[in-house]
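This report describes selected features of one protein structure. Please look at the sequence and the model before reading on.

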Amino acid sequence: MLKLAIYGARSIALGAALAVQRLYPECRLIGFIVSSIADNPSYLAGVPVIQLNTLLEKDVHVLIATSEDTHAVIIKSLLAHGITEYTCLNWEKEEVLMKRYYEKIGKFMSIQCLWKQKYTAEVYIAKFYKDKPLKESEGLPEWLIPIQVGTVLTDKRVAEVWDDSGENISAKNVNYCELTALYWIWKNRLDAPDCAAYSGLFHYRRFLNITSEDVIRMEQKDIDVVLPFPTVHEPDISEHHARYVKESDWEAMLQALAELRPEYAEQFTDILKQPYLYNYNILVAKKEVLKDYCEWLFPILKRTEELSSPKGWERADRYIGYLGENLLTLYFFVHKGLRICHAGRKMLV
């Protein structure tokens, strides 16, 4: 059984003690530690308040539960008294601890609990087995769900959801990039009875900068889709595909568009002349909007593969993913009647 003492005897320390007693019965709380017993209570939460220089037990782990600006001084005092095992309760750890405590006792519902009750969103993060580890991968909200893309191409697993399950195009990841995840979402989640009201796709390091509170507000305000602020190109967005896509592949996509969606092809000429591009293939949308977009997008991409030279299944150069960015721009510039909001692109490191 872990022997624990809490440094502090005020509100932060008392809250931490109550949470520990309720959540971690395997811990034995021996008391509260203070630098001086003067002006402090003798007992809190049923355990004694002990002056540090009178503490006899040194084999104790100390949870420092005071204002953060005092932590450095307290650590020096603990070390001077031979106590080397300690944890600082910073604001982030305190939030997690108290959130769990209040959930346990059924009081003071958190904003995260509100999301859990509403099941407002499920947004997938495309991850590839060759991606570099991220320093900022901890603490992501629960509505962000990692999905491994190109799963069929390797035995290595980097997520619990795989794009080779159900109906999928996982083997096409070498050309479709993150869009194999979007295809999986379309075919396996959007019509599921438990699918959230909003769904979408991020990359493993490129996210839209939206919070759980923002997602709830999207539903309250009846927002159809959130897209990244567009990137700006000069003289127009043709500059983007000229850098990333062979002209023959671009022509194949234009032909596919003309064959399958001529009404969009007619508007594309003018849209290509403006400087704004919805880049990265990332978005969060109502599931109905996302479904409509996918039903429009993937037949065009499939036909583009057939018209390409060499054909899409004979190569591995990510060109379909780049074309997808241009088609994302076309679709949402045409659908101006949708309630569209924008967010910054957050780049994790």
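This is a predicted model: local features need pLDDT of at least 70, side-chain atom pairs count only at pLDDT 80 or more; totals for chains, interfaces and linings use all residues.

**Cores**

The largest nonpolar core has 52 residues. Leu182, Leu290, Tyr293, Trp296, Phe298, Leu327 and Phe332 are those with the most contacts inside this core. Several elements give two or more residues to the core, including strand 7 (121-127), strand 12 (225-228), helix 9 (247-260) and helix 11 (287-307). Helix 12 gives the most, with 10 residues. Leaving aside residues up to four places away in sequence, Leu290 touches Leu182, Ile185, Leu190, Ser199, Gly200, Leu283 and Ala285. Another core, of 22 residues, lies apart from the largest one; Ala17, Val20, Val34 and Val49 are among its residues. In soluble globular proteins, nonpolar side chains tend to be buried together.

Of its 10 residues, 8 are buried, so helix 6 is largely enclosed by the rest of the structure. The buried residues are Leu179, Thr180, Ala181, Leu182, Tyr183, Trp184, Ile185 and Trp186.

**A pair of helices**

Helix 1 (residues 11-23) packs against helix 3 (residues 91-105) at an angle of about 55°, and their axes are 9 Å apart. The two helices are therefore oblique to each other. The crossing of helix 1 and helix 3 is left-handed. On helix 1, the contact is made by Ile12, Gly15, Ala16, Leu18, Ala19, Arg22 and Leu23. On helix 3, Glu94, Leu97, Met98, Arg100, Tyr101, Lys104 and Ile105 take part. Among the residues of this contact, 9 are nonpolar, 1 is polar and 4 are charged.

Gly106 lies in the loop between helix 3 and helix 4 (111-118). Gly106 is exposed, with a relative accessible area of 64%. In sequence, Gly106 and Ala80 are 26 residues apart, while their C-alpha atoms are 41 Å apart in space.

**Backbone features**

Most residues other than glycine have a negative phi, and most peptide bonds are trans.

| Residue | Phi | Relative accessible area |
|---|---|---|
| Asp222 | about 60° | 39% |
| Arg318 | near 70° | 46% |

Asp222 is in the loop between helix 7 (212-220) and strand 12, and Arg318 is in the loop between helix 11 and helix 12.

Which peptide bond has omega near 5°? The bond from Glu234 to Pro235 has this value and is cis. Pro235 is in the loop between strand 13 (231-232) and helix 8 (238-244). A cis peptide bond also joins Ser309 and Pro310, with omega about -5°. Pro310 is found in the loop between helix 11 and helix 12.

Definitions and conventions: Residues are numbered from 1 along each chain as its sequence is written. Side-chain values use heavy atoms; hydrogens and water are left out. Axes are lines fitted to C-alpha atoms, for helices over the stretch in contact, and angles run from 0 to 180 degrees between N-to-C directions. Helices (H or I, at least four residues) and strands (E, at least two) are DSSP runs, numbered from the N terminus. Angles under 35 degrees count as roughly parallel, over 145 as roughly antiparallel, 65 to 115 as roughly perpendicular and the rest as oblique. A crossing is left-handed if the near helix is turned anticlockwise from the far one by less than a right angle, and right-handed if clockwise. Contact means heavy atoms within 4.5 Å. Ala, Val, Leu, Ile, Met, Phe, Trp, Tyr, Cys and Pro count as nonpolar, Asp, Glu, Lys and Arg as charged, and the others, Gly among them, as polar. Buried means under 20% relative accessible area, exposed over 50%, partly exposed in between (1.4 Å probe, protein chains only). A nonpolar core is a set of buried Ala, Val, Leu, Ile, Met, Phe, Trp, Tyr and Cys residues joined through side-chain atoms within 4.5 Å.
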